[in-house]
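The structure is shown first.

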Amino acid sequence: LSIFKKYKPNCIFNLAAETHVDRSIDGPKNFIDSNIYGVFSLLETCKKFLKIKKNFKLIHISTDEVYGNNPKGRSKETDKYMPSSPYAASKASSDHLVFSYIRTFNMPAIITNCSNNYGPYHFPEKLIPKTILNALNQVEIPVYGNGKQVRDWLYVEDHVDALYTILKNGKLGEAYNIGGNNEKSNIEVVNRVCSLLDERSPRKKGIYSDLISFVEDRPGHDFRYAIDSSKLKEELNWKPIESFETGLTKTVEWYLANDSWLSKVTV
């Protein structure tokens with residue numbers, strides 16, 4: 001609360017979370033502590049701060065994974081939550097906490113659920129930066145199962161633009177899905193990253209896709225997530241700017257130009 005009092009924010013964007021599904025399977029406790037207890041602590045602080053500053057907003061950023069596996073359709077804000085992993089369950093729990101504070105304590109909050117983000121500074125435990133890092137280091141690029149799991153990819157700058165739009169024009173107490181309209185299978189993503197690297201930083205022998213190795217699938221792996229962002233488009237006139245091709249090209253070029261950053265975060 002002392003930090004809130006010092007800076008008197010107009011809005012808090014809660015993007016803090018433990019997010020890696022694999023680690024949530026290996027050790028769920030950190031996800032419970034951060035994504036549930038952490039959000040509870042934040043909500044309690046916001047509740048106290050509202051007595052000091054009335055025109056305050058909380059934007060709670062969540063994930064499409066709370067909706068669970070969606071083989072055919074697109075998940076809407078009104079769909080029930082069916083999380084599969086401890087990570088997704090912890091995020092679903094945090095969403096429910098925020099909704100309860102909206103209802104019970106009139107918390108001026110908005111919840112957003114986004115699809116897979118990618119772009120510069122993405123930590124290399126995630127699929128795209130991990131593929132780039134492993135390829136450049138000439139080591140195996142692991143792909144779960146048959147690689148046909150489908151995700152919707154959202155370029156990080158489009159996500160930021162959506163969050164700013166929601167801050168300015170979003171309705172308090174509502175939830176908004178944010179998708180990139182770029183559904184790709186994991187193997188498609190990995191192959192495209194390899195092709196971009198082949199064009200910009202070719203191997204001395206062979207091509208980068210030669211490094212792809214299919215590994216045992218992770219437990220409870222959802223086949224497909226897909227977001228319906230029509231509410232955000234129709235009510236707030238937002239849509240993503242980047243196609244997957246333009247966004248991925250920018251991303252690969254950024255990592256090639258910032259290998260020193262990669263070396264610092266992978267030591």
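This is a predicted model: local features need pLDDT of at least 70, side-chain atom pairs count only at pLDDT 80 or more; totals for chains, interfaces and linings use all residues.

Lys130 belongs to helix α5, made up of residues 127-136. Leaving aside residues up to four places away in sequence, Lys130 is in contact with Pro124, Glu125 and Pro142. Ile141 is 11 residues from Lys130 along the chain, and 7.8 Å separates the C-alpha atoms of Lys130 and Ile141.

The second topic is the sheet. Three strands form an open sheet in the order β4-β6-β8, and the pairing is mixed. Strands β4 and β8 are at the edges and have a single partner strand each, so one side of β4 and one side of β8 have no neighbour in the sheet. From one strand to the next, the twist averages 50°.

β4 and β6 run parallel and are joined by three bridges. Within this pair, Asn117 has Leu154 in β6 as its bridge partner. Helix α7 lies across β6 and β8, and runs at about 85° to β8.

The residue ranges of the elements named above are listed here.

| Element | Residues |
|---|---|
| Strand β4 | 116-118 |
| Helix α5 | 127-136 |
| Strand β6 | 150-155 |
| Strand β8 | 183-185 |
| Helix α7 | 186-200 |

Conventions: Residues are numbered from 1 along each chain as its sequence is written. Side-chain values use heavy atoms; hydrogens and water are left out. Two strands pair if DSSP finds at least two bridges between them. Helices (H or I, at least four residues) and strands (E, at least two) are DSSP runs, numbered from the N terminus. Axes are lines fitted to C-alpha atoms, for helices over the stretch in contact, and angles run from 0 to 180 degrees between N-to-C directions. Contact means heavy atoms within 4.5 Å.
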